[in-house]
Every structure is written in structure tokens, then in C-alpha cells.
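Here are my notes for anyone opening this structure for the first time. Have a look at it, then go through the points in order.

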Amino acid sequence: MQNFIWIVVQFRVSIPAYRAVIGRDNPTMRGFMKEERSQAPVIQTLTRRQAVVNAALAIGALGAISRIANAAPSEDISRNSESLHQELVFKAHRKRIYEIFTSTALFDKMTHDIQAKESGASGAVHPTEISHEVGGVFSLFGGRIIGRRLELVADERIVQAWRVAYWELGVYSIVRFDFAEQGPETKILFAHTGFPLGDAENLLNGWKLHYWQPLEKFLAS
């Protein structure tokens, strides 16, 4: 920092020195220029060494300012997030799929087989609890998945603050389902963002086993 201040001071000092040489701040040159306007002014130029030194000081000062200005953003922005994006098509109207994802009884019925396989006789008494209100909470698979409803647009969109129970307290990701009707079928535009780094493959497999495969089987029954 001291070096930077010295460079700026030297650069600023060099400007008056240069002006003194050419005459604007030199009393002798001011008088000459005022009284002898008809004659070509005699200008004393800087030596090559002085010009090189002044240019180096100026460039060094500007470079130091640039480095300081560009340092802050890299300390404040993190780019270590992961996300999942899928497009899946199911043979059902979007109203039906929306109802399954927002109904405690229907979601519990859809995931019955996977819950029985993973929990056995020690399964939770109420494995599924889903609020119908924006801001309401949900608990799935006996409390292994919990969260809160952020947005509900009937038959069109569900947005949730979503977490796995073993994540650190206060850590939530965002899950979004958009339902687009395609004749007798529905395309689900799915996005899962903001989850802990390194969990992508595990979560991708979890969505397949706990949502997409049970949903396809449930709709076909």
C-alpha cells in the first residue's frame, strides 16, 4: 500500500514539474510568452530518461488501481452450486398429476411400495403429510424429506423449499415442477437447484426411485 501511495505522489509531482519546464508555471517563461507573442516560443523538452520514468509511474499507478477495483467481486461471489433439470412425459392429464403431488392420501398411496421396501415394519405411522396452503409444510417418506410450499398454481406449477433431513440445519434447496399439457399426456419440467455440492448423482437417482418410477406405475394402475 505504501508503494502504491508513493507511485501516485510521484506521478502527481511530475505534472507540475513538467509544466514548470514548458513555461506555464515558470515566471521567466510567462513573461517571455506575454511580451514576445510574435516570436515562436522556445520549449525545453524532457530528457528521454525523464519521459520514460514519468510514463512508467503513470502506468504503474493505473495498474495498481485496476487491481484493487477488480479484487472485491471474486471474494463475494460463489459459483460452486449444482442443479438438476429434467423433462419427463407421463400418460395422464396435468390436473391428475398435480393432485397426486399435493394430496397426502394420493402421494402416500403412490409411494406405498417404495416406503414398504425401505422402511419395513419400522415405517412411520404417518409417512406422508402435505399441506394444501402456500407457506405450509410437508413431510415425506417418514420425515426423510421435509420442506415448505413456496408457490402453488393449480394444475400448472409447484415450487418448494426442499431438504433432506440429514443436511445441515438451515440448508434448503429449491424444487420446481411445471406441468405442460400435451393432449392426453403431461410434460413435467423439473428443476432442482441450490443443493449441497456433491449431491447431484444421489439426488438424481432418488428422484427416479421415489417419484418418477412410482408415478408411472401409479398412473398405469
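1. A word on contacts to begin with: two residues are in contact when heavy atoms of theirs lie within 4.5 Å. With that in hand, look at Arg163, which touches Arg144, Ile145, Ile146, Glu168, Leu169, Gly170, Val171 and Tyr172, leaving aside residues up to four places away in sequence.

2. Some ground rules. This is a predicted model, where local features need pLDDT of at least 70, side-chain atom pairs count only at pLDDT 80 or more, and totals for chains, interfaces and linings use all residues. Residues are numbered from 1 along each chain as its sequence is written, and side-chain values use heavy atoms, with hydrogens and water left out.

3. Now the overall layout. The protein chain has seven helices and seven strands; these are DSSP runs, numbered from the N terminus, with helices being H or I of at least four residues and strands E of at least two. Along the sequence the pattern reads α-α-α-β-α-α-α-β-β-β-β-β-β-α. If you take contacts between residues at least 6 apart in sequence, 51% of them join residues at least 24 apart.

4. How much of the chain is buried? The figure is 30% of the 221 residues, where buried means under 20% relative accessible area, exposed over 50% and partly exposed in between (1.4 Å probe, protein chains only).

5. Back to Arg163, which sits in strand β5. Its relative accessible area is 3%, so Arg163 counts as buried. Between Arg163 and Ser173 there are 6.0 Å in space, C-alpha to C-alpha, and the two are 10 residues apart in sequence.

6. Next, a helix pair. Helix α4 (residues 94-102) packs against helix α7 (residues 200-220) at an angle of about 125°, and their axes are 12 Å apart. Axes here are lines fitted to C-alpha atoms, for helices over the stretch in contact, and angles run from 0 to 180 degrees between N-to-C directions. The two helices are therefore oblique to each other: under 35 degrees would be roughly parallel, over 145 roughly antiparallel, 65 to 115 roughly perpendicular, and the rest is oblique.

7. Who makes that contact? From α4 come Arg96, Ile97, Ile100 and Phe101, and from α7 come Tyr211, Trp212, Leu215, Phe218 and Leu219. By class, that gives eight nonpolar, no polar and one charged residues (Ala, Val, Leu, Ile, Met, Phe, Trp, Tyr, Cys and Pro count as nonpolar, Asp, Glu, Lys and Arg as charged, and the others, Gly among them, as polar).

8. Also in α4 is Glu99, which counts as partly exposed because its relative accessibility is 31%. Glu99 and Ala154 are 55 residues apart in sequence, yet 8.8 Å apart in space, C-alpha to C-alpha.

9. Aromatic pairs: the structure holds 19 of them. Rings of Phe, Tyr and Trp (its six-membered ring) pair if their centres lie within 6.5 Å; planes under 30 degrees apart are stacked, over 60 edge-to-face and the rest tilted.

10. Most residues other than glycine have a negative phi. Phe141, in the loop between β3 (137-140) and β4 (145-153), has a positive phi near 55°. Asp155, in the loop between β4 and β5 (157-164), also has a positive phi, of about 65°.
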